Each structure stands twice: as C-alpha cells, then as structure tokens.
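User: I'm new to reading structures, and I'd like to go through this one with you. Could we take it piece by piece?

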Amino acid sequence: MREGVMEKSGHHIVGDSWFAILDFIFPPLCLSCSVPLLNGRKSVCNPCWDSIERVSALHPLFLETREKLLTSEQVNGLVSEFVFEREGAFQHIAHALKYGGYESLGVELGRKLAEVFLASGGGGDVLVPIPLHKRKFRERGYNQAERIAHGMSQATLIPLRTDLLRRTRFTQSQTTLTLEERKKNVEAAFEVVPGKERVVKGKTIVLIDDVITTGATIVSCASTLRDAGALTIIASSPALAR
Ligand SMILES: [Zn+2]
C-alpha cells in the first residue's frame with residue numbers, strides 16, 4: 001500500500017527492521033475477527049473481506065437505494081460494493097475507519113470500490129468526498145470519505161477535489177433520525193466554495209461517502225452541485241445500509 005510505503009520511507013533501515021521484528025512478535029490483529037494478520041496485511045483478514053455480502057446491480061438493497069437517489073432527480077447513478085450489516089464485518093471496518101484512526105483502511109476501501117466503479121463502466125471528471133464540518137474534522141483529524149476518495153483516485157486516475165464543496169453548518173448525527181428528519185437535517189447544509197462554480201459547471205461529479213443509508217446527504221450535496229451547474233452526479237460508497 002502506497003501510504004504504508006510513504007509512512008515508512010523516512011525511517012532509517014534499522015528502524016524498518018525493528019518494525020518487521022515487532023510485527024513478527026506482535027502481529028497486527030484483524031479489526032473484525034482479531035486473528036493475527038500475516039503476509040503484511042495491516043487491517044482486515046481476507047476471510048473477513050470475503051464474508052461481507054456484496055451488492056450486485058440486481059441486489060434488492062442496491063435497487064431500492066438507487067431508486068431513492070434517482071427519484072430525487074439530483075443523482076444520475078449509483079456504484080457501491082458491500083452491504084452494511086449491524087454487527088457485521090463491514091460495521092467493524094466502518095467504525096475503525098471513522099473512530100479508530102485507521103485512515104489507511106479508507107484508502108483500501110477506495111481501491112476496492114474503484115474496481116467495481118471501473119467494471120461498471122463508471123467515469124467522471126472529478127471525485128468529491130462528502131465534506132465533514134471543520135469541527136468534526138478537527139476532532140477526527142481526517143475525513144473518512146476523503147480517504148476513500150483518495151484510494152479511488154489512485155486507482156481510477158480521476159482527480160480528487162476537496163476544495164469545491166463545504167459544509168455551511170454543523171449537522172447532528174443522523175443515526176437516530178427518520179428519513180424526513182434526515183432530509184431536514186442536511187437541507188442547505190452544503191455550498192459550493194465561492195469562486196469554484198466554474199470548476200463544477202458542466203462536469204460529471206462522483207460524490208463519495210462511506211456508507212449510504214437514506215441518501216439524504218448525497219441528495220443534498222448533489223442538488224448544491226447542480227445549482228452551481230454540475231451536469232451529472234454519480235453517487236458512490238463502499239457500502240449501502242438498510
Ligand atoms: Zn478477520
């Protein structure tokens with residue numbers, strides 16, 4: 001993984017051997033099932049990745065989510081990979097990415113999502129992650145959607161832009177809200193950064209979030225970008241939740 005290489009490139013050669021010895025004595029554990037990870041894997045074991053249900057183009061959850069997005073008339077397509085199940089492996093992964101400081105997991109998810117995106121014939125002019133409010137960004141130190149977009153950008157070569165869209169107000173956590181409450185919660189919560197409308201105009205924009213549930217956040221961002229002249233909006237996330 002490129003990130004790992006960059007993180008370690010600054011270490012003295014003795015430092016690298018020391019890390020290898022530490023990994024040998026205390027191998028990193030899978031974030032989901034806690035088995036020791038071998039072969040240089042840093043976060044999640046292959047059986048855990050394989051255990052996560054996938055959303056094909058004919059999966060009911062995929063069809064239902066796409067329908068919700070398309071009927072908003074703000075979003076033109078959806079690309080996703082996994083099903084987010086409570087207590088399932090993907091929830092462990094999403095939690096580690098969001099709250100555990102496992103930034104590189106976002107890049108790994110983005111690279112996996114890029115394979116599905118390219119296989120579906122997906123393309124676009126720019127990748128735009130759903131922005132975090134700056135208060136949340138300060139608390140967490142990174143935006144998980146931006147890390148996913150970073151991995152996608154590496155694999156698709158579509159440029160990542162974090163300077164086009166921003167949050168205008170702090171929104172409460174959506175996990176306990178109904179669909180209608182979520183819509184209200186994120187209404188007018190975003191804006192195109194003044195002066196960046198010319199970058200957005202006429203473009204196909206791939207909007208990226210970590211998990212799409214009701215789609216209210218994606219739709220709100222899509223409508224903001226459309227108001228600024230964006231032509232096509234494709235929603236993309238590693239997982240969909242029921
Ligand atoms: Zn595992």
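User: Which residues does V126 touch, if we skip those up to four places away in sequence?

Analyst: Leaving out residues up to four places away in sequence, V126 touches I158, P159, R161, K203 and I205. Please keep in mind that this is a predicted model.

User: Where is V126 found?

Analyst: V126 belongs to strand β2, which covers residues 126-129.

User: And is V126 buried or exposed?

Analyst: V126 is buried, because 20 other C-beta atoms lie within 10 Å, and a residue counts as buried when that number is 20 or more.

User: How far apart are V126 and T162 in space?

Analyst: From C-alpha to C-alpha, V126 and T162 are 9.9 Å apart in space, while in sequence they are 36 residues apart.

User: New topic: which residues in the largest nonpolar core touch the most other members?

Analyst: That core has 54 residues, and those touching the most other members are L127, L207, I208, I218, L225, I233 and A235. Helix α11, made of residues 216-227, gives the most to this core, with 6 residues.

User: Now the helices: at what angle do α9 and α11 pack?

Analyst: Helix α9, residues 179-186, packs with α11 at an angle of about 35°, and their axes are 9 Å apart. The crossing in which α9 passes α11 is right-handed.

User: Which residues meet there, in α9 and α11?

Analyst: On the α9 side they are L179, R182, K183 and V186, and on the α11 side they are A216, T217 and S220. The residues of this contact divide into 3 nonpolar, 2 polar and 2 charged.

User: What about α6 and α8, how do their axes cross?

Analyst: The axes of helix α6 (residues 103-119) and helix α8 (residues 144-156) come within 6 Å and cross at roughly 50°.

User: Why are α6 and α8 called oblique to each other?

Analyst: Angles from 65 to 115 degrees count as roughly perpendicular and those under 35 as roughly parallel, and the crossing of α6 and α8 is at roughly 50°, so the two helices are oblique to each other.

User: Which residues meet between α6 and α8?

Analyst: Among them are V107, L109, L113 and F117 in α6, which are part of a group meeting residues of α8 that include I148, M152 and A155. The residues of the contact of α6 with α8 divide into 10 nonpolar, 7 polar and 4 charged.

How values were computed: Residues numbered from 1 in each chain as written. Predicted model: local features only at pLDDT ≥ 70, side-chain atom pairs only at ≥ 80, totals over all residues. Axes fitted to C-alpha atoms, helices over the stretch in contact; angles between N-to-C directions. Helix = DSSP H or I, 4+ residues; strand = E, 2+ residues; numbered from the N terminus. Parallel < 35°, antiparallel > 145°, perpendicular 65-115°, else oblique. Contact = placed C-beta atoms within 7 Å. Nonpolar A, V, L, I, M, F, W, Y, C, P; charged D, E, K, R; others polar. Buried ≥ 20, exposed ≤ 12 C-beta atoms within 10 Å, placed from the backbone. Core = buried A, V, L, I, M, F, W, Y, C linked by C-beta atoms within 7 Å. Left-handed = near helix turned anticlockwise from the far one by under 90°.
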